[in-house]
Amino acid sequence: MVIPNEFISFDGTDIHQLRDFLLSQRRISGWTQEELSERSGVSVRTIRNLETGSNTNPRRTSVALLLSALGAAPAAPPETAPWGADDMAALPEQRPEAYRARSSEPSPWHGPRPLGDPLVGRQLDMRHVLASAQRSRLVVLTGPGGVGKTRLALAAASRLRPLFRGGVAVVELRDCPAEHLDPAHARAELTRVTREFTGVSGHSLAGARGGRRLLVLDGAEHVAQQTARAARQLLDEHPGLHLLVTSRRALAASAAETWEVEPLRVDGPKGRDMPVPSAVELLLRRVQAALPTLDLAHHLPLVTTLCQLLDGVPLAIEIAAQRLRSLPLTSLLQEDTLFHLLGQADTGGLSAHRTLSDSVRWSYDLLPASHRELLHDLVALPDGFSLDDVLTAQPSRRPEMVRVAHLLAELADASLVQTHRERQYTYRIHALVRHVVTQLARHSQNTAA
């Protein structure tokens, strides 16, 4: 049995042609090595070594991603071949005409597509997702609602598309019933929608073209356990299938690579020539697109304050940019009124939920009563609290410390509590979550009264 090598051995002519191609295409595109790295997911060091000719034995997947980013993507291997076993020794223009024509055809895509606008502040996330999708068949993106998991997953799937000649399918799971309400129905519906795209139906990924396939399962938090079971079964039954899952709750699947998508950066080094934080950049981009006549360049401190109040959550920032069509920037800088103004705004197709409040309420409604009770206590604590702070604030909970620790961990797994992993683990709750939970508690008290 011959085990395919993960690396490609080039002779002097091949590596010279590859080097010239990378250099010329990168310069034609006007990209630096760093920009090509961000677009391809390949490290700057690998690109530099390829362009200097010092690396004569590159990884197949690195070459594939570079060619894809430069618009010359190769075909992926047949489904029966191990990952990385495709014939990548020749550049696309060196291959037979029939092969080039076949490889230039885009692989099938079913379901929602990426919006096409540039991702802001997601270079590190993109590099990690692209690399993870090559070494693991199950990748899970977690994070709070509105943080941009879906947008990142779709953008990553688009970049990975040339490597999946069998096609890419995106399945939204929002309409599956919650597993804690009806496990049997949830399992049946999840099985139905996944089989629809992996079976033999008209728009399945099991087409005549063959090849490796990518299935994106979007919004699995309410069926996390069923999704983990379905993933194991799908990967066993379909050797050429790869899964990319978005979920506010991590999946209990040992084979999964999990990446936590965090809010955008709201602070950074100060200075006239320093780039603005990614959260500020996103708001400025969205305002420029929607209101070209509104110049916020002279109000960057206020814009930064607004992004800090929004905790760098992209969906909240985009809604705030929409609100600036009718409200002045200063009206959004009062935390007491900010989320009231934003919480009722229609997301305009930016989210699966109608409003920001609906997005948080979705996660809240999935919690058991014991978890909700603790969450109500946690929103009263200042940011950066520890487990001991929780027990000190509620002395009656100290005898059941193990149970409280378990509930806190569950809230963190549900992306309702954010964890800062330093010498001592500390926790915080995003301002939007704090606002919605506080409003729910007041409503409950008023109703009881």
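Predicted model: local features only at pLDDT ≥ 70, side-chain atom pairs only at ≥ 80, totals over all residues.
Let's start with helix H9, which covers residues 224-237. Its 14 residues reach 20 Å from the first C-alpha to the last, close to the 20 Å expected at 1.5 Å a residue. Quite a few of its residues are buried, including Ala224, Thr227, Ala231 and Leu235. What covers them? Strand E2 (138-142), helix H8 (183-198), strand E4 (213-218) and strand E5 (241-246) are among the covering elements.

Now for the greasy parts. In soluble globular proteins, nonpolar side chains tend to be buried together. Here, the largest nonpolar core has 56 residues, and Leu283, Leu306 and Phe385 are among those with the most contacts inside it. Take Leu306: leaving aside residues up to four places away in sequence, Leu306 touches Leu283, Ala320, Leu329, Leu332, Leu333 and Leu338. Apart from that core lies another, of 39 residues, with Leu130, Val170, Leu214 and Leu244 among them.

Then there are the charged pairs: the structure holds 20 salt bridges. Here are some of them.

| Salt bridge | N to O distance |
|---|---|
| Asp125 and Arg122 | 3.5 Å |
| Arg248 and Glu221 | 4.0 Å |
| Arg249 and Glu410 | 3.6 Å |

Arg248 sits in the loop between E5 and strand E6 (257-260), while Glu221 sits in the loop between E4 and H9, 27 residues apart. Both Arg248 and Glu221 are buried. Arg249 lies in the loop between E5 and E6 and Glu410 in helix H17 (residues 401-413), so this pair ties together parts that are 161 residues apart in sequence. Arg249 counts as partly exposed, at 21% relative accessibility, and Glu410 is partly exposed too, at 24%.

Notes:
Residues numbered from 1 in each chain as written. Heavy atoms only, no water. Helix = DSSP H or I, 4+ residues; strand = E, 2+ residues; numbered from the N terminus. Expected span 1.5 Å × (residues − 1). Buried < 20%, exposed > 50% of the residue type's maximum accessible area, 1.4 Å probe, protein only. Contact = heavy atoms within 4.5 Å. Core = buried A, V, L, I, M, F, W, Y, C linked by side-chain atoms within 4.5 Å. Salt bridge = Lys/Arg side-chain N within 4 Å of Asp/Glu carboxyl O.
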